[in-house]
Amino acid sequence: MVKNIQEQHVRANVAHAQSLMDDFLRVRRFSETLCEPLETEDYVIQSMPDVSPTKWHLAHTSWFFEAFLLSATVPDYRSLHPQYAYLFNSYYNSLGERHCRPKRGLISRPTVSETHTYRHYVDEYVLHLIGHADEQQLEQIAPIVTLGLHHEQQHQELMVTDLKHVLSANPLHPVYREQPAWSSTGSVPPMEWVSFPEGIAWIGYEGHGFAYDNEGPRHRQFMEAFQLGSRLITNGEYLEFMADGGYRNPLLWLSAGWNTVQSEEWDAPLYWEKQDGRWWQMTLSGFRPVEPDEPVCHVSYYEADAFARWANARLATEAEWELAAHTVPREGNFVEAGRYHPVPLTEAAVPGKLAQMYGDVWEWTQSAYLSYPGFRPAPGAVGEYNGKFMCNQFVLRGGSCATSQTHIRPTYRNFFPPESRWQFMGIRLAREV
């Protein structure tokens, strides 16, 4: 009997280790899949301080496993280069000095080839560690490996969005991956208002799978009755806002938003350009006309808020969004589809049901990015992951066409400063009943 129980433990440990290795290889290989269309020159450009070169993303995600897993677990582990920790640490102050973020594009060495060698070096050590871990050690390292994989999926999304910004700076309008253009059919269903009654809701993650620390603790929140738009706002609807003088009417804008519009001379979403009386946009499939049926994207919080005021509505709170998201399946246009661009809502809308809650574009909420009641950062350097950014940022929900479907949840809280536009950011309206 005892022998059978021991054998069962051994088999369970082997299965757990194999599953963890499979997940590790799947995520790590997808980063390299995203790089397949790139030329060497594409890897190294930094087009603005918020953008990091593709090469840096590849190296930083490897450094993460090195810093939080291998250095703490593998005796006598040595990095391929002692300065990699300085070059590829992002914002972990407790782990030492870091290279200046806006100057990441000035680092020509390590080369792209050397960066891939670094990744494979780290991969070998991680796979060996998982494959030779006993049951107790596997329980200790599995949460760090899983965190590292979700961290890499975040950077995979950044690789896509950062590369789009890089290519947009090139007047040749380079193509990342060819995709057929969507043609407007006029079939996008009219937006309806989906109602939710007042009441007390449970907000935050509860379960046995992975979630970031900022998704909890789970807590109760009272919400007034509200309504949510049944779909995302389209380019066509945003063009109406623009034609009605949306960017010229200070009464629609928050003070900081109006100041930004004036100083940055905004008159359209990021990547839009007017030629011969028609709006065009840069996409990862090249320079294309703006299609009215597509969800509008690359708008800031300020623009989303101004549009909502113009439409006699508002943005949802993140609690409202989360409550509503639990009523629909986690389906949508994610990075796995390989489109790298929002797509029109072409399927027949179900009356009274929400559509496009996941994928396509991150949806701005009116909620400031703050801690939930009872939140405490994790001890050590890993506690710097989310908590220290809870200031001067707003929450977005739902994922985008650059997000992995295995990475998103109803409780997932993304966050950016209100002036940010280079992510796939869009608009869903809300209002009181």
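With three residues, helix 5 is the element that gives the most to the lining of the second largest cavity. The model is predicted. The topics below are its two cavities of 30 Å³ or more, its largest pocket, with about 1200 Å³ of space, and an open sheet of four strands on which helix 9 packs.

**Second largest cavity**

- The volume of the second largest cavity is about 50 Å³.
- Its lining consists of Leu 34, Cys 35, Leu 38, Thr 54, Met 159, Val 160, Leu 163 and Tyr 176.
- Seven of these lining residues are nonpolar and one is polar, with no charged residues.

**Largest cavity**

- The largest cavity has a volume of about 80 Å³.
- Pro 53, Lys 55, Trp 56, Leu 87, Phe 88, His 99, Arg 104, Ile 107 and Pro 110 line the largest cavity.
- Helix 2 and helix 3 (84-88) are the elements that give two or more residues to this lining.
- By class, the lining of the largest cavity has six nonpolar residues, one polar residue and two charged residues.

**Largest pocket**

- The largest pocket holds about 1200 Å³ of space, and of its 49 lining residues, Asp 50, Arg 101, Leu 158, Phe 416 and Trp 422 are the closest to the centre.
- Two or more lining residues come from each of helix 2 (54-73), helix 5 (135-168), helix 7 (255-264) and strand 13 (414-416).
- Helix 5 supplies the largest share of the pocket lining, with seven residues.
- The lining of the largest pocket comprises 20 nonpolar, 17 polar and 12 charged residues.

- The open sheet has the strand order 1-4-15-8, and its pairing is antiparallel.
- Strand 1 (193-196) and strand 8 (314-315) are the edge strands; each has a single partner strand, so one side of each is left without a neighbour in the sheet.
- Four bridges join strand 1 to strand 4 (residues 226-229) in the antiparallel sense, and Trp 193 stands opposite Gly 229 of strand 4.

**Helix 9 on the sheet**

- Helix 9 (residues 318-325) packs on this sheet and touches strand 1, strand 4, strand 8 and strand 15 (429-432).
- The direction of helix 9 makes an angle of about 70° with that of strand 4.
- The buried residues of helix 9 are Glu 318, Ala 319, Glu 320, Trp 321, Glu 322, Ala 324 and Ala 325.
- Because seven of its eight residues are buried, helix 9 is largely enclosed by the rest of the structure.

Conventions. Residues are numbered from 1 along each chain as its sequence is written. This is a predicted model: local features need pLDDT of at least 70, side-chain atom pairs count only at pLDDT 80 or more; totals for chains, interfaces and linings use all residues. Side-chain values use heavy atoms; hydrogens and water are left out. Two strands pair if DSSP finds at least two bridges between them. Contact means heavy atoms within 4.5 Å. Axes are lines fitted to C-alpha atoms, for helices over the stretch in contact, and angles run from 0 to 180 degrees between N-to-C directions. On a 1 Å grid over the protein atoms alone, a cavity is a set of points where a 1.4 Å probe fits but cannot get out, and a pocket is an open set with protein on both sides within 12 Å along at least five of seven lines; lining residues have an atom within 4 Å of a point. Grid points are joined across faces, edges and corners, and a volume is the space filled by probe spheres set on the points. Ala, Val, Leu, Ile, Met, Phe, Trp, Tyr, Cys and Pro count as nonpolar, Asp, Glu, Lys and Arg as charged, and the others, Gly among them, as polar. Buried means under 20% relative accessible area, exposed over 50%, partly exposed in between (1.4 Å probe, protein chains only).
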